[in-house]
Amino acid sequence: MANPLRVGVVGIGFGQQVHVPAFQANERCRVTTLCASSVERATEVARRLKVDRAVGDWQELVADPTIDAISIATPPGTQEMVAIAALSQGKAVFCEKPLSLSLASAQKMTDLAAQAGVANMVDFEFPDINEWQQAKALLEEGAIGNLRHIAVSWNVETYANRMGLSSWKTRTDDGGGTLYSFVSHCFYYLEWFAGPIRRLACTLFRTPGDTRAGDTLVSLSLELESGVPVTLSVSSHAFLGNGHRVEFYGDAGTLVLNNPTTDYVSGFQLLHGTRESKQLQVVHLDTPPTDVKDGRLIVVSRLVNRFVSWLETGIPNAPSFKNGLRVQSLLEAAKQSHQTGCWVNCSFERSYNHP
């Protein structure tokens with residue numbers, strides 16, 4: 001296109017691994033500026049990624065009138081500050097989950113995005129995996145009959161937990177820990193698959209002897225508006241864990257999404273079994289081969305494509321800040337349930353228009 005959309009990226013962790021290459025792969029936009037905690041760090045990465053400009057102050061980046069959109073890959077506390085500043089200047093924002101550290105800040109970000117009328121998107125990436133889209137199609141066409149219950153088991157060992165590191169990624173109050181880092185994804189994709197969550201009961205655990213201020217295991221029971229029960233067990237401190245598995249049990253069959261690998265995106269296999277087959281069988285998808293080594297880049301590129309289309313056409317898409325706000329409310333409900341030991345009502349106006 002003659003005038004590509006100009007994008008500034010804040011954050012060089014996940015930013016350099018996924019955000020920058022995902023935007024660079026889209027011919028309708030150009031990454032013009034990269035921001036890190038220091039101009040020296042930003043310059044080093046910008047040179048390697050062939051980004052023209054590097055800055056060490058996100059406020060300078062946000063204030064730049066030549067930039068159309070801000071892509072944020074920072075800890076949640078910083079993300080909410082950057083996003084609010086960018087939205088206040090009428091810039092589109094693409095960011096990570098969780099949306100914010102609090103429901104109030106998430107509400108403010110969502111309101112500002114609506115008032116500014118700009119594109120806004122949150123990186124809830126699992127529904128863009130091919131196997132997940134096929135699973136949703138099978139559910140909707142009744143391939144397992146009436147849904148009886150869903151079980152999620154996600155057990156991995158993160159680098160921070162393996163090494164005993166203390167950072168925002170391991171502190172719940174800073175937007176880290178298992179609830180914010182992993183279960184936030186679960187909340188989004190469960191409602192995408194099966195509809196609104198009516199209520200939940202949650203218990204947060206910390207590994208015995210671990211003095212860091214973050215949860216490492218989350219146990220959840222959910223009830224959907226449809227009455228379907230859901231159980232979740234999610235751990236980020238599970239050496240040789242079983243990976244990520246989502247099971248859908250119906251009265252006529254079963255669907256399973258299973259990923260025992262270390263690639264959170266590309267390792268999934270879809271299995272389907274019916275009363276007639278009496279066993280789970282792999283559902284083979286007709287997808288072209290790819291040489292992309294990091295599966296996250298594939299699905300984030302799809303999100304970026306929708307984000308850029310929203311920027312160009314003004315037609316909203318998902319997952320938007322409104323979806324991020326919904327997830328934030330569920331995270332707050334989970335913490336409230338843990339603190340009170342009670343079930344918490346989660347009814348909430350929601351609107352998912354995910355393709």
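Which strands does helix α6 (residues 130-140) lie across? In this predicted model, helix α6 lies across β11 (243-250), β12 (253-259) and β13 (269-274), and it runs at about 170° to β12. These strands belong to an open sheet of nine strands with mixed pairing, whose order is β14-β13-β12-β11-β7-β10-β9-β8-β15.

**The sheet**
- The edges of the sheet are formed by β14 (281-282) and β15 (344-345), and because each has a single partner strand, one side of each is left without a neighbour in the sheet.
- Within the sheet, strand β8 (residues 197-205) pairs with strand β9 (residues 217-224) in the antiparallel sense over eight bridges, and Thr 203 stands opposite Ser 219 in β9.
- Helix α10 (residues 321-340) also packs on the sheet, where it touches β8 and β15, and its direction makes about 55° with that of β8.

**The nonpolar core**
- The largest nonpolar core holds 107 residues, of which Trp 132, Phe 187 and Leu 200 touch the most other members.
- Helix α8 (residues 177-194) gives this core its largest share, eleven residues.
- Leaving aside residues up to four places away in sequence, Leu 200 touches a list of residues that includes Phe 187, Leu 220, Leu 222, Leu 330, Trp 343 and Val 344.

**The cysteines**
- The count of disulfides comes to zero, by a rule that asks for sulfur atoms within 2.5 Å.
- For Cys 29, the closest cysteine sulfur is in Cys 95 and lies 16 Å away, which is too far for a bond; Cys 29 is buried, with a relative accessible area of 7%.
- The sulfur of Cys 35 is likewise 16 Å from its closest cysteine sulfur, in Cys 95, too far for a bond, and Cys 35 is buried with a relative accessible area of 2%.

Notes
Residues are numbered from 1 along each chain as its sequence is written. This is a predicted model: local features need pLDDT of at least 70, side-chain atom pairs count only at pLDDT 80 or more; totals for chains, interfaces and linings use all residues. Side-chain values use heavy atoms; hydrogens and water are left out. Two strands pair if DSSP finds at least two bridges between them. Helices (H or I, at least four residues) and strands (E, at least two) are DSSP runs, numbered from the N terminus. Contact means heavy atoms within 4.5 Å. Axes are lines fitted to C-alpha atoms, for helices over the stretch in contact, and angles run from 0 to 180 degrees between N-to-C directions. A nonpolar core is a set of buried Ala, Val, Leu, Ile, Met, Phe, Trp, Tyr and Cys residues joined through side-chain atoms within 4.5 Å. Buried means under 20% relative accessible area, exposed over 50%, partly exposed in between (1.4 Å probe, protein chains only).
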